[in-house]
Amino acid sequence: MKIVITGNMGYIGPVVVNHFRKVYPNANLVGYDSGFFAGCLLDHLDYPENQLDEQVFGDVREISNDLFEGVDAVVHLAAISNDPMGHAFEEVTDKINHLCSYEVAVRAKDAGVKNFVFASSCSVYGAGGRNAKGENDELQPLTSYARSKVSAEEALRSLANDGFTVTCLRFATACGISPRLRLDLVLNDFVANALSTKKIEILSDGTPLRPLIDVKDMARAIEWASLRKAGNEGNFLIVNAGSNEGNYRVKELAEAVRKELPEIEVAISPQAAPDKRSYKVDFSLFEKLAPNHQPQNKLRDSVSGLISGLRETGFSNAHFRSSSYVRLNALRKLQSKGKLNSELYWQ
Ligand SMILES: NC(=O)c1ccc[n+]([C@@H]2O[C@H](COP(=O)([O-])OP(=O)(O)OC[C@H]3O[C@@H](n4cnc5c(N)ncnc54)[C@H](O)[C@@H]3O)[C@@H](O)[C@H]2O)c1
């Protein structure tokens, strides 16, 4: 079995590669990435790419058909992957996340790839509402990033057929430890703050809801999708990936961190403006379709993994929000050094 993983050098990719290597020790695993965050490693002596059979450096905007020769499944993670970056690079985000996702899938299909897995996001549901969002609910993408994921899903729909199974996993917000750790994610930010300042400051009244999924559980979902047969759910599937018990209130996340680090203070700002991004998601379809690939990591597992992973590196940077642990900062740094141009091409 040969699998291409695009965007393998990001936060989620190394955990996905590690998982595939464990469950399919003999698989031929190929990574494809432009390397925006290549240097953002927790441990500079341990490159996650060592687990691959091949690492290809390249931009999905210039991807060649040859990459997909003899490939069974493509896991497409490469993207401008959050709201702040999407806001800073609006056109590039649509190009990479939407137009190129379609282009990559066309090339994969032409080469005979059977399964295409697209990393979508629950952010497509946008603002709140009382009920948990199901796959058929109205979408209200509020940001360029979320809009790019909606457009990509729609474009991919037209490509699926009996020989080309497409699965769009609408992931909950990621959390947990990874060799290329990011601290621009709510739980990861809380743990980093707790370790470096002994305080978590919640910039809302703490009630907004955030569905979370640990990166290890994302990898399990991706494994399921990369082998999915069309069957009853069809050759094109959109499914929320996470678990119903993973719909947490922000203050519950802070409390989970305090449970592991009792000395920290949790400060809530009851006067803060309402957080528009509060939403609850229904993951029942994923539970029904993938009973053997359900999330296994509890919130406390994600928290303790982050604590021990960060402690091992001696992490104590109270100013981490200005560091390359935040993806937008990493891109800005490369730009300020003249390495990346305004369209995020290496120069
Ligand atoms: N982190 C989350 O909470 C979350 C939630 C839902 C969905 N997702 C999706 O999962 C995927 C992976 O997320 P992540 O958190 O690992 O993101 P990340 O930003 O850490 O990694 C993305 C990777 O894609 C690569 N990339 C970006 N543009 C590229 C291009 N033009 N050509 C080649 N490579 C390119 C980057 O170099 C990087 O290594 C993304 O599609 C993201 O939208 C993430």
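Ala, Val, Leu, Ile, Met, Phe, Trp, Tyr, Cys and Pro are counted as nonpolar, Asp, Glu, Lys and Arg as charged, and the others, Gly among them, as polar. By these classes, the shell around the ligand comprises 16 nonpolar, nine polar and six charged residues. The model is predicted, with local features requiring pLDDT of at least 70 and side-chain atom pairs counted only at pLDDT 80 or more, while totals for chains, interfaces and linings use all residues. Residues are numbered from 1 along each chain as its sequence is written, and side-chain values use heavy atoms, with hydrogens and water left out.

Of the 31 residues around the ligand (a heavy atom within 4 Å), Asp33, Val60, Ser81, Tyr145 and Arg327 come nearest. A polar side-chain atom of Tyr145 lies 2.6 Å from a ligand oxygen atom, and a side-chain N or O atom of Arg327 is 2.8 Å from an oxygen atom of the ligand. For Ala174, a backbone N or O atom lies 2.8 Å from a ligand oxygen atom. The protein covers 98% of the 830 Å² of accessible area that the ligand has on its own (Shrake-Rupley method, 1.4 Å probe). Two or more residues of the shell are given by each of β5 (115-121), α4 (144-157) and β7 (173-175), and β5 gives the most, with three residues; helices (H or I, at least four residues) and strands (E, at least two) are DSSP runs numbered from the N terminus.

Most residues other than glycine have a negative phi. Lys198 is partly exposed, with a relative accessible area of 47%, whereas Leu344 is buried, at 0% (buried, under 20%; exposed, over 50%; partly exposed, in between; 1.4 Å probe, protein chains only).

Conventions
A polar contact is a pair of N or O atoms within 3.5 Å; within protein, one must be able to donate a hydrogen and the other to accept it, and residues adjacent in sequence count only if both atoms are side-chain atoms.
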